[in-house]
Amino acid sequence: MCGIVGYVGHREACEFLLDGLRRLEYRGYDSAGVAITDQAGDVSICKTAGRIERLASALASSPLQGSIGIGHTRWATHGPPTEGNAHPHIGGERVVTICHNGVIENFQELKARLETEGYVFQSATDTEVIAHLITDCLEKESSESKVSDSVAPYASLVTAVKAALSQLRGTYGLVVMFRDHPGVIIAARLGSPLVLGIGDDEHFVASDASPLAGYTDKIVYLSDHQVAVITADSVRVTHRDHGEVRHSVENLQVDATDVDLAGYPHYMLKEIFEQPESIKNAMRGRLCEDDATAMFGGLNLTPQQLGSVNRIILTACGTSWHAALLGEYLIEEFARIPVEVEYASELRYRNPPVDPGTLVFAISQSGETADTLGAIREMKRKGHRTLAICNTVGSSIAQEADGGIYLHAGPEIGVASTKAYTSQCMVLSLLALYFGRMRHLSFDAGMRIINEFHALPSKVRAALQTDEESKRIAAKYSGANNFLYLGRQYNFPTALEGALKLKEISYIHAEGYPAAEMKHGPIALVDEATPSVFIVPQGFVYEKVLANIEEVKARGGPVIAIVEHGDTRVAALADDVISVPSVAEFVQPIVSAIPLQLLSYHIALMRGCDIDKPRNLAKSVTVE
Ligand code: F6R
């Protein structure tokens with residue numbers, strides 16, 4: 001939540017800052033701003049309420065010039081999304097200018113203290129407290145300092161920033177510019193991600209790697225409690241409470257074409273159509289025909305540790321939680337290991353019994369979701385081994401876990417998760433095969449599963465051909481105010497995910513239910529104006545779902561059914577049918593997710609919604 005960028009070097013800072021903010025806009029988009037230091041050392045700020053494009057227009061009419069600057073796109077926590085609450089914020093008499101991502105829990109008490117010392121607050125944000133606090137520490141530092149900046153460059157700035165940070169309770173990703181030291185940016189993180197980009201005589205800071213693509217391919221992932229001192233020709237990283245830290249420079253795996261629209265009108269549509277490739281990437285190098293199993297490079301567990309696993313906890317939020325639920329069905333079916341699926345926000349404050357045989361997987365596209373991070377930390381504290389299933393390389397959850405599996409889906413920018421969801425389902429299917437083959441699954445059964453996996457990308461490609469049909473059906477139902485999504489067994493999670501996709505981008509109320517559970521309450525919602533979307537592939541609950549469709553039809557409810565090619569029985573019952581290729585039951589949820597994503601996309605488009613930036617949401621939820 002919230003995106004931060006920073007630049008120091010030889011080009012016009014504004015160019016990178018605006019470009020970077022556009023790429024980070026998915027993290028928050030209610031207001032934005034930049035601050036640039038010019039050659040004379042004066043800092044100018046431009047802020048606007050609303051989207052980045054408003055900021056871009058303001059900057060086009062009054063350009064800010066200079067080769068050092070910071071910028072921010074906001075998802076409001078403290079204070080409404082006004083221009084005044086937009087970042088950057090200044091401390092004291094423009095002594096420091098800062099942008100912040102995160103939440104400062106003790107800001108009220110710090111604010112009260114600073115106000116008694118004469119600091120005047122201009123905004124309702126928690127961030128402004130940090131700006132004044134750093135200013136305060138700088139002033140105290142300069143009156144007491146015995147360390148000359150010529151001995152350790154910017155030592156007094158670093159000391160003051162660290163002194164301020166040590167008084168904060170909460171989370172921060174922070175960039176700071178200094179009125180009296182116009183050539184340096186200090187960046188710090190605790191609980192909110194920050195990366196540094198290393199260029200030739202220029203350096204970049206950003207909340208994630210996407211702004212760096214096309215500017216540099218060298219990246220440093222900052223860890224919690226690290227403080228970086230960045231000038232045009234140097235980067236030094238120190239620990240907040242200790243000394244200098246050796247930072248490793250890694251190769252950036254994102255390229256500029258991964259983060260542009262490539263001719264699509266929306267990232268969501270682009271990402272839906274990338275799924276044949278992203279699913280292939282999720283299994284690339286992970287299928288081993290010789291042993292009829294899956295293999296993973298980064299689990300960091302010995303065969304003995306893996307063999308002794310007797311319970312698995314899958315924890316996640318939102319869409320990732322739906323993937324986890326499918327994981328439960330698959331792992332229990334293939335491997336006969338008991339699985340529990342936990343909302344991360346609940347797990348982190350519960351106290352489940354600790355058992356040395358329990359393995360915890362945190363599933364997260366962004367790898368930054370605060371609740372999921374909190375849950376994994378809590379599980380580690382209790383002595384559980386924790387693994388991550390993440391998309392974002394170097395993310396906080398990936399760093400925190402003992403090991404893990406990357407999705408390799410490429411950057412997901414549309415706020416509604418699509419390709420990351422199917423990749424999570426794919427990785428969990430591989431995991432189920434992996435644990436299954438360590439236990440009960442025969443070689444032959446393993447090979448049959450592998451063959452289904454191999455065929456999946458082309459089946460997903462074929463499922464994308466439902467786009468036109470989805471559009472036609474969307475036109476018919478886009479005026480509805482309520483939808484039900486119903487599926488059973490492997491497709492119960494698909495129903496939940498279909499409903500979430502619709503509600504988050506079209507603002508239509510939608511509920512996902514196990515199809516048979518409907519008659520225990522939600523069936524009261526069924527009427528002529530409430531469509532029910534059934535996911536009803538062939539399989540062992542097919543007849544049961546058919547009966548559930550009859551129940552809805554008997555009450556006058558319109559039925560949209562996702563069926564397998566050639567299904568005539570459902571077609572005779574349902575009002576509208578979208579047919580997808582036949583695949584084995586356990587991978588059907590991946591194929592069936594495609595028309596549900598397309599249906600939501602077209603309905604939202606027809607209702608004039610902002611597909612990639614739905615109201616009130618942000619891609620990466622880094623607050624509790
Ligand atoms: C819905 C969506 C959210 C996320 C949730 C968890 O389309 O994207 O529900 O799935 O916020 O995010 P990650 O997976 O990044 O932890």
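1. A helix crossing is called right-handed if the near helix is turned clockwise from the far one by less than a right angle. In this predicted model, the crossing of helices H14 and H19 is right-handed.

2. The contact between these two helices involves Leu-456, Lys-459, Val-460 and Ala-463 on the H14 side, and Ile-590, Val-591 and Ile-594 on the H19 side. By residue class, the contact of H14 with H19 has six nonpolar residues, one charged and no polar.

3. On the geometry of the pair: H14 covers residues 443-463 and H19 covers residues 588-606. Their axes are 9 Å apart and meet at an angle of about 20°. Because angles under 35 degrees count as roughly parallel, H14 is described as roughly parallel to H19.

4. Helix H1 runs over residues 13-24, twelve in number. From first C-alpha to last, H1 reaches 16 Å, close to the 16 Å expected at 1.5 Å a residue.

5. H1 is mostly covered, with nine of its twelve residues buried. Among them are Ala-13, Cys-14, Phe-16, Gly-20 and Arg-23. The buried residues of H1 pack against strands E1 (3-8), E2 (31-37), E4 (68-74) and E10 (203-206), and against helix H2 (52-61).

6. Asn-548 is a residue of helix H17, which spans 542-554. Is Asn-548 buried or exposed? Its relative accessible area is 2%, so Asn-548 is buried, the cut-off being under 20%. Leaving aside residues up to four places away in sequence, Asn-548 touches Arg-488, Ala-515, Ala-516, Met-518, Lys-519 and Phe-534.

Technical notes: Residues are numbered from 1 along each chain as its sequence is written. This is a predicted model: local features need pLDDT of at least 70, side-chain atom pairs count only at pLDDT 80 or more; totals for chains, interfaces and linings use all residues. Side-chain values use heavy atoms; hydrogens and water are left out. Helices (H or I, at least four residues) and strands (E, at least two) are DSSP runs, numbered from the N terminus. The expected span of a helix is 1.5 Å times one less than its number of residues. Buried means under 20% relative accessible area, exposed over 50%, partly exposed in between (1.4 Å probe, protein chains only). Contact means heavy atoms within 4.5 Å. Axes are lines fitted to C-alpha atoms, for helices over the stretch in contact, and angles run from 0 to 180 degrees between N-to-C directions. Angles under 35 degrees count as roughly parallel, over 145 as roughly antiparallel, 65 to 115 as roughly perpendicular and the rest as oblique. Ala, Val, Leu, Ile, Met, Phe, Trp, Tyr, Cys and Pro count as nonpolar, Asp, Glu, Lys and Arg as charged, and the others, Gly among them, as polar.
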